[in-house]
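My entries follow in the order I made them.

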Amino acid sequence: MRPTQALMGGGESPIGRHGKYLGGWGAFGGMPQKGIISYVLSANKQNPLAGTAHAAVFNSWRRFSAQVLYVAPPMIFFYYAMTWATDRNHYLNSKAGRDEFNE
């Protein structure tokens, strides 16, 4: 198996449809970009946790209020059902309950 032309070529060896080496990663040999402006802030000037406590409180409230109507009614229903079942069980296992249902 023979190596590809990119591996055999040095830096400016002809390759591809346009006969030009594309370059390494990020340097594809095209026209330089115009009108792209980038701003950089020093790492020690950044505050990565700015506003997180405020956003966490209000985001948590937003998520809670959106889901409470899906979660609360079944929980309330099952709480009262469990309370009724526990009370009924205590009654049926008491002296009065045994007398009522004892045949």
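**Notebook: helix, surface and rings**

I began with Tyr80, which counts as exposed at 55% relative accessibility; the classes are buried under 20% relative accessible area, exposed over 50% and partly exposed in between, with a 1.4 Å probe and protein chains only.

I noted the ground rules next. This is a predicted model, where local features need pLDDT of at least 70, side-chain atom pairs count only at pLDDT 80 or more, and totals for chains, interfaces and linings use all residues. Residues are numbered from 1 along each chain as its sequence is written, and side-chain values use heavy atoms, with hydrogens and water left out.

**Chain**

I read the secondary structure of the protein chain as 3 helices and 0 strands, in the pattern α-α-α along the sequence. Helices here are DSSP runs of H or I with at least four residues, strands are runs of E with at least two, and both are numbered from the N terminus.

I looked up confidence as pLDDT, the predictor's value for each residue from 0 to 100. The protein chain has a mean pLDDT of 80, and 67% of its residues reach 70 or more.

The accessible surface of the protein chain is about 10,200 Å², with 63% belonging to carbon and sulfur atoms; the areas come from the Shrake-Rupley method with a 1.4 Å probe.

**Rings**

How many aromatic pairs does a search of the whole structure find? I got 3. Rings of Phe, Tyr and Trp (its six-membered ring) pair if their centres lie within 6.5 Å; planes under 30 degrees apart are stacked, over 60 edge-to-face, and the rest tilted.

One of them is the tilted pair of Trp61 and Phe64, at 5.7 Å centre to centre and 40° between the planes. Both residues lie in helix 2, 3 residues apart, about one turn of the helix. Trp61 is exposed at 55% relative accessible area, whereas Phe64 is partly exposed at 49%.

I then returned to Tyr79 and Tyr80: their ring centres are 5.5 Å apart and their planes at 70°, so this pair is edge-to-face.

**Other entries on helix 2**

I located Tyr70 in helix 2 and noted that Tyr70 is exposed, with a relative accessible area of 63%. Tyr70, Val71 and Met75 make a nonpolar surface patch of about 370 Å².

I also found Thr86 in helix 2, partly exposed at 33% relative accessibility. The Thr86 side chain reaches the backbone oxygen of Met82 at 2.8 Å.

Notes:
Patch = residues over 30% accessible without salt bridge, like charges linked within 9 Å, V, L, I, M, F, W, Y side chains within 5 Å. Salt bridge = Lys/Arg side-chain N within 4 Å of Asp/Glu carboxyl O. Polar contact = N/O pair within 3.5 Å; in protein donor to acceptor, adjacent residues only side chain to side chain.
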